[in-house]
Amino acid sequence: MASPATSHGDAEANGTGEASAAGGVTVTYLVEGMVCGHCAASVTEALTGLDGVREVDVDVEGGRVAVSSERELEEGAVNQALDDIGYELAGRV
């Protein structure tokens, strides 16, 4: 996950996310229902498929998913991608 930096793009406009070193933004989501490595792989694959996503880092034990992308993702798109594979978006960190 990117280290804290000055905000960029949409992150600056609404005070969410962290700017990544290469530009873009990283947002950490809380995801319910993940219990194993297969869950992490499924979530990674689903979110990597969203337009603009560069990297997905899943912490199964903490229920956290850090998504680095070119720009702030629409929360509805993240929610739908997770819902399609049986997980629930519980919010942002």
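Select D51 first: in this predicted model, D51 is exposed, with a relative accessible area of 60%. D51 sits in the loop between α2 (37–48) and β3, and R71 in the loop between β4 and α3, so the pair ties together parts that are 20 residues apart in sequence. R71 itself is partly exposed, at 37% relative accessible area.

E70 counts as partly exposed, with 46% relative accessibility.

Proceed to E75 and R92, whose side chains form a salt bridge at 3.4 Å, N to O. This pair links distant parts of the chain, with E75 in helix α3 and R92 in strand β5 (residues 88–92), 17 residues apart. Shared partners in salt bridges join D51, E70 and R71 into one network.

Now display strand β4 (residues 64–69), where 5 of the 6 residues are buried. Strand β2 (residues 25–32) runs antiparallel to β4 and is joined to β4 by 6 bridges; within this pairing, L30 has R64 as its bridge partner. Strand β3 (residues 53–59) is likewise antiparallel to β4, with 6 bridges, and V58 stands opposite V65. Centre the view on the hairpin of β3 and β4: 4 residues lie between the strands, and G63 in the turn has a positive phi of about 70°.

Finally, select E32, D83, D84 and E88, which gather in a surface patch of negative charge. Of these, D84 belongs to helix α3 (residues 75–84) and is exposed, with a relative accessible area of 56%.

Technical notes:
Residues numbered from 1 in each chain as written. Predicted model: local features only at pLDDT ≥ 70, side-chain atom pairs only at ≥ 80, totals over all residues. Heavy atoms only, no water. Patch = residues over 30% accessible without salt bridge, like charges linked within 9 Å, V, L, I, M, F, W, Y side chains within 5 Å. Areas by Shrake-Rupley, 256 points an atom, 1.4 Å probe, with all protein chains shown as cover. Salt bridge = Lys/Arg side-chain N within 4 Å of Asp/Glu carboxyl O. Lys, Arg positive; Asp, Glu negative; His and termini not counted. Charge placed at Lys NZ, Arg CZ, Asp CG, Glu CD. Helix = DSSP H or I, 4+ residues; strand = E, 2+ residues; numbered from the N terminus. Buried < 20%, exposed > 50% of the residue type's maximum accessible area, 1.4 Å probe, protein only. Pairing = 2+ DSSP bridges.
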